[in-house]
Amino acid sequence: MVKLTREQVAWRAAQDLREGAFVNLGIGIPTLAANFVPKDREVIFHSENGILGLGPRPTSGMEDPNLIDAGKSPATLAIGGCYMHHADAFLMIRGGHLDVSLLGAFEVSEAGDLANWATDDPTFPPGVGGAMDLAVGAREVRVLMDHVGKNGEPRIRHRCTLPLTASGVVKRIYTNLAVIDVQPDGLLVREMVGGLSVAELQSLTEPKLRFATNLQILASPLAA
């Protein structure tokens, strides 16, 4: 079994973004998704700090210190893109103008509850930022995260143990092991990495998993 890298998880999520979609990229793995949209597809990326038309990460040496994404990483502006006031960026979110929000998470429950702003680590300063707005303002929320925590604990749970950002909002989960849909009758695995058995994936996930009849291998063309 070979787990996907952060870049590979971002690549997989980017493949599901439809032509013409307005998509917010949250802090963490989601900010990498702008690098991997198919070249023949136009997706308009939104960043909560005031960018519409966010482009891929700049090449080394071409960084502009005045142009960063929501995670404070160097960014670029796509052709036709624009800057806006922070308040206007949030008017887009709260006004329901985003088709998809790609967010990182600490935990997701089997009901699609999202916990992504605070941990029980006293050295980690909590800060919900724009996540609470994105979780309820976008038409669809998809999460990108590692399947388990640093100590091997499940991050997909019956019920989140960490403070919630929003309840019942997550529709799809992309991890370094699987692609899982959150459905009214539970979690449905659509794809999983090669070399990983159904039993092994279940052992790393608290809720009971169902597996699609056309279960696919989760693979990325990017080097691991």
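**A mixed sheet and its packed helices**

In the predicted model, 10 strands are arranged as an open sheet with mixed pairing, in the order β4-β3-β2-β1-β5-β8-β10-β11-β12-β13. From one strand to the next, the twist averages 25 degrees.

Helix α1 (residues 6-15) touches β8 (140-144), β10 (170-174), β11 (178-183) and β12 (186-192), and the direction of α1 makes about 135 degrees with that of β10. Helix α2 (residues 86-94) is in contact with β1, β2 and β3 (51-54); the angle between its direction and that of β2 is about 120 degrees.

Strand β2 pairs with both β1 and β3. Strands β1 (residues 22-25) and β2 (residues 44-47) run parallel and are joined by three bridges. Within this pair, Phe22 has Ile44 of β2 as its bridge partner, and Asn24 stands opposite His46 in β2. The pairing of β2 with β3, by contrast, is antiparallel and extends over two bridges. Three residues lie between the strands in the hairpin of β2 and β3, where Gly50 adopts a positive phi near 120 degrees.

The side chains of β2 point in two directions: Ile44 and His46 point one way, whereas Phe45 and Ser47 point the other way. All four of these residues, Ile44, Phe45, His46 and Ser47, are buried.

How values were computed: Residues numbered from 1 in each chain as written. Predicted model: local features only at pLDDT ≥ 70, side-chain atom pairs only at ≥ 80, totals over all residues. Heavy atoms only, no water. Pairing = 2+ DSSP bridges. Helix = DSSP H or I, 4+ residues; strand = E, 2+ residues; numbered from the N terminus. Axes fitted to C-alpha atoms, helices over the stretch in contact; angles between N-to-C directions. Contact = heavy atoms within 4.5 Å. Buried < 20%, exposed > 50% of the residue type's maximum accessible area, 1.4 Å probe, protein only.
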